[in-house]
Amino acid sequence: MRNWLRETVNRRHLLWGSLATASGSLIGGAAATGQSSHAGHGSAPPYDANGAGHHSSHGHMITVGDVGSARNGFDPTSLLTDWETGIVSSLPDGRTLRTFEIIGEDKEIEIAPGILFPAWTYNGRVPGPSLRVTEGDRVQIIFRNFASHRHSMHFHGIHSARMDGIPGAGEIGPGEEFIYEFDALPFGCHLYHCHALPLKRHIHKGMYGAFVIDPDPAGHPEQADVARSRLLGTPENREWQEFVMVMNGFDTNFDGENEVYAVNTVAHHYAKHPITVIRSKPVRLYLINVVEFDPINSLHLHGNFFDYYDHGTTLTPTLRTIDTVMQCQAQRGILEFSYRAHETGLYMFHAHQAEFTELGWMGMFDVVEAAA
């Protein structure tokens with residue numbers, strides 16, 4: 001009983017009742033009235049005036065108001081497709097060298113309307129830049145630490161010990177610089193994050209981002225067409241609608257439990273600003289879980305099923321025709337699906353932990369016909 005009470009106060013009423021009210025960001029239903037969070041579905045109001053009100057069944061469980069991109073310096077809608085491919089040059093052996101510049105800095109960000117969070121960031125955004133390279137490229141990351149703490153960049157991939165981004169191998173103090181360099185292997189959907197101690201705090205505070213290595217079709221002749229469809233910039237790849245989604249959470253009172261959950265940082269952003277999907281074109285999601293303090297996160301797709309490529313390191317699905325996938329922290333994968341046989345309209349996606357959904361991790365795809 002005592003544990004249940006502490007959970008209720010810390011994670012529901014404290015944030016959405018007291019904190020949100022104090023900041024002017026109110027939650028309808030449960031948080032505002034003290035009633036059960038499952039009450040009043042039938043009379044729930046629309047989300048807001050941005051067009052997401054067609055699905056009002058969760059209207060009592062959503063943040064009120066909006067977070068403008070000017071406040072944060074980044075827009076979650078833009079983050080879906082904002083790939084950073086680096087400065088491209090050639091090595092003496094003819095291989096491609098991609099150089100990236102990353103800055104670590106402290107920055108206060110708005111994670112829900114009126115709720116500010118003291119983040120530690122890469123290039124002033126959470127998640128950090130979505131880095132995208134091709135299998136076999138030489139990757140060079142110039143990391144400068146302008147923040148107030150020691151930081152690093154640990155890349156999930158294959159590299160030498162001295163490039164591992166851990167204490168003694170790429171961790172640097174404020175005002176220092178380190179250059180990470182390695183070959184891009186293996187292809188797949190990966191990530192990078194700070195590996196300074198305490199690790200749970202450095203990740204949770206916002207130091208993470210997507211690191212995608214596209215397959216080189218020449219290295220996979222038996223599945224060259226599939227590989228080309230993943231290679232950014234090819235005609236085959238342009239037939240896909242690709243989005244990167246980093247599932248994250250925020251412990252706003254630093255008690256070791258999250259009070260806000262999201263995809264690409266801002267709670268309920270894609271519920272208020274649905275992601276436009278052209279019905280005739282397939283969808284590919286690069287899904288990454290970086291939530292701290294919770295062992296499992298998930299994605300559930302309404303009205304549809306997808307194929308899943310665990311870690312993205314295969315050109316053949318590891319799971320076929322599923323509508324929900326679970327990921328532990330740092331687990332990631334590629335989801336592929338289509339709405340070609342569907343009618344147009346709004347289709348929900350969310351974590352299938354109800355608490356995560358109510359605290360920010362829920363959005364909509366707006367399936368439309370192709371523009372004339």
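Trainee: Which residues does leucine 299 touch, apart from its neighbours within four places in sequence?

Mentor: In this predicted model, leucine 299 is in contact (heavy atoms within 4.5 Å) with Leu285, Leu287, Phe306, Asp323, Thr324, Val325, Leu335, His350 and Trp361. Leucine 299 also belongs to the largest nonpolar core, which has 30 residues. Met245, Leu285, Phe306, Phe337, Trp361 and Phe365 are, together with Leu299, those with the most contacts inside that core. A second, separate core has 27 residues, including Leu79, Cys189, Ile203 and Val244.

Trainee: What makes a set of residues a nonpolar core?

Mentor: Its members are buried Ala, Val, Leu, Ile, Met, Phe, Trp, Tyr and Cys residues, joined through side-chain atoms within 4.5 Å. Of the 372 residues of the protein, 55% count as buried.

Trainee: Why is histidine 151 called buried?

Mentor: Buried means under 20% relative accessible area, with exposed over 50% and partly exposed in between (1.4 Å probe, protein chains only). Histidine 151 has 0% relative accessibility, so histidine 151 is buried. Methionine 207 also has a value of 0% and is therefore buried.

Trainee: Where do histidine 151 and methionine 207 lie?

Mentor: Histidine 151 is in the loop between β6 (138-145) and β7 (154-155). Methionine 207 is in the loop between α5 (199-204) and β10 (208-214). Here helices (H or I, at least four residues) and strands (E, at least two) are DSSP runs, numbered from the N terminus. Beyond four places in sequence, methionine 207 touches His151 as well as Trp120, Cys194 and His202, among others. UniProt, in an unreviewed entry, places a "binding site" at His151, His156, His193, Cys194, His202, Met207 and His352; its positions follow the numbering used here, feature names are shortened, and annotations may be inferred rather than shown by experiment.

Trainee: What kind of aromatic pair do tyrosine 339 and tyrosine 347 form?

Mentor: The whole structure holds 18 aromatic pairs. Tyrosine 339 and tyrosine 347 have their centres 5.0 Å apart and 40° between the planes, and the pair is tilted. Rings of Phe, Tyr and Trp (its six-membered ring) pair if their centres lie within 6.5 Å; planes under 30 degrees apart are stacked, over 60 edge-to-face, and the rest tilted.

Trainee: Why are phenylalanine 349 and tryptophan 361 called edge-to-face?

Mentor: Their centres are 6.0 Å apart and their planes meet at 70°, so the pair is edge-to-face. Phenylalanine 349 lies in strand β20 (residues 345-350) and tryptophan 361 in the loop between α9 (354-358) and β21 (362-368). Both residues are buried.

Trainee: What makes arginine 132 a charge over a ring?

Mentor: The test requires NZ of Lys or CZ of Arg within 6 Å of the ring centre and within 35 degrees of the ring normal. The charged end of arginine 132 sits over the ring of tryptophan 83, 4.5 Å from its centre. Lysine 205 lies over the face of phenylalanine 117, at 5.7 Å from the ring centre.

Trainee: Where does pLDDT stay under 50?

Mentor: This confidence of the predictor in each residue, from 0 to 100, stays under 50 over residues 1-57. Where pLDDT is low, the predicted coordinates should not be read in detail. The protein's mean is 87, and 83% of its residues reach 70 or more.

Terms used: Residues are numbered from 1 along each chain as its sequence is written. This is a predicted model: local features need pLDDT of at least 70, side-chain atom pairs count only at pLDDT 80 or more; totals for chains, interfaces and linings use all residues. Side-chain values use heavy atoms; hydrogens and water are left out.
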